[in-house]
Amino acid sequence: MQRFLRIVRQPFAVPPLARGWERAVPILLAIGTVAVLGGLTIIWAARLTVDRPVYVSELGAEGAPTAGMFRVALLLVAAGGFSIALASGHVRSRIRPLDRWAPALSLGFAALCFVVASQVTCTANCPVPIADPRSTAQDLTHTVSAVLGFVAACYAMLQVAFAARLPRVARFSLASCVAVAVITIVGGMLAIVHVATDVGAWLELIGTTVAIAWIAVFALALSRGSRPAREQGQAQVRVRVR
């Protein structure tokens, strides 16, 4: 009843629920940033323990000594992505074709794909699905999940690149989108044709690094660019009074 009376007396003030969510947003962004950077650190730590160039997915292949680290890393990235997605629901692209849904939905879907990829890893040596006769349905599931995750993350970058309220991170988002798309496509093609796989492995690792780093930068941009809801409510009141 008291909340209802406050809303009646101050109809243009920020609702109590919004104020509660406002307090949760910085926490979600902080948790998400720490989680994704922790996942990226574990991926690099696992990669540096291997004395030969390997694709990122090979770090989690069945029987690999780094399989446990790989699963933890992807789960951290997924958890961080979910956390940041929850805190970024207000971000929308200013271009109509990219505004059919929020970047938060694209980022959340990417996180879901990484959860699947972390639990359904590829078999030993990660044979390329369809192209390699040794590949199994497990390899196909892992590869499709990983690819869809990268595609969704790239689409989120593209949406944020044209977001009206985030000019500071727009150019970085566009550059990251192009870089991740080109690098991962080239690395994937090299794996399929079995040519310069050492180069392809490093390209995939670089593309993964750029993608995860973008999520952290996006979260930092949100934490710096958001205005407190109370200030926004006061601004709306002043505008209406004028």
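Q: Contact means heavy atoms within 4.5 Å; for contacts between residues at least 6 apart in sequence, what share joins residues at least 24 apart?
A: The share is 70%. The model is predicted, so local features need pLDDT of at least 70 and side-chain atom pairs count only at pLDDT 80 or more, while totals for chains, interfaces and linings use all residues. Numbering runs from 1 along each chain as its sequence is written, and side-chain values use heavy atoms, with hydrogens and water left out.

Q: How many helices and strands does the protein have?
A: It has eight helices and zero strands. Both are DSSP runs numbered from the N terminus: H or I over at least four residues for helices, E over at least two for strands. Along the sequence the pattern reads α-α-α-α-α-α-α-α.

Q: How do you know which parts of the model to read with care?
A: The protein averages 83, and 83% of the residues score at least 70. Residues 4–18 stay under 50 and have twelve contacts beyond four places in sequence. Residues 227–242 are also below 50, with 13 contacts beyond near neighbours in sequence. Where pLDDT is low, predicted coordinates should not be read in detail.

Q: What makes the crossing of H3 and H4 left-handed?
A: A crossing is left-handed if the near helix is turned anticlockwise from the far one by less than a right angle, and right-handed if clockwise. H3 passes H4 in the left-handed sense. Residues in the contact include Phe70, Leu74 and Phe82 of H3 and Leu107, Ala111 and Phe114 of H4.

Q: How does the contact of H3 with H4 divide by class?
A: It has 15 nonpolar, four polar and one charged residues. Ala, Val, Leu, Ile, Met, Phe, Trp, Tyr, Cys and Pro count as nonpolar; Asp, Glu, Lys and Arg as charged; the others, Gly among them, as polar.

Q: Why are H4 and H5 (residues 137–161) called roughly antiparallel?
A: H4 and H5 pack at about 160 degrees, with axes 8 Å apart. They are therefore roughly antiparallel to each other. Their crossing is left-handed. By class, this contact has 16 nonpolar, six polar and no charged residues.

Q: Why does Arg47 count as buried?
A: Buried means under 20% relative accessible area, exposed over 50%, and partly exposed in between, with a 1.4 Å probe and protein chains only. Arg47 is at 6%, so it counts as buried. Arg47 sits in H2 (residues 16–48). Beyond four places in sequence, Arg47 touches Arg52, Pro53, Val54, Leu59, Trp202 and Leu205. Across the protein, buried residues make up 43% of the 242 residues.

Q: Is Cys126 buried or exposed?
A: Cys126 is at 18% relative accessibility, so it counts as buried. Its phi is positive too, at about 50 degrees, although Cys126 is not a glycine. Cys126 is found in the loop between H4 and H5.

Conventions
Contact means heavy atoms within 4.5 Å. pLDDT is the predictor's confidence in each residue, from 0 to 100. Axes are lines fitted to C-alpha atoms, for helices over the stretch in contact, and angles run from 0 to 180 degrees between N-to-C directions. Angles under 35 degrees count as roughly parallel, over 145 as roughly antiparallel, 65 to 115 as roughly perpendicular and the rest as oblique.
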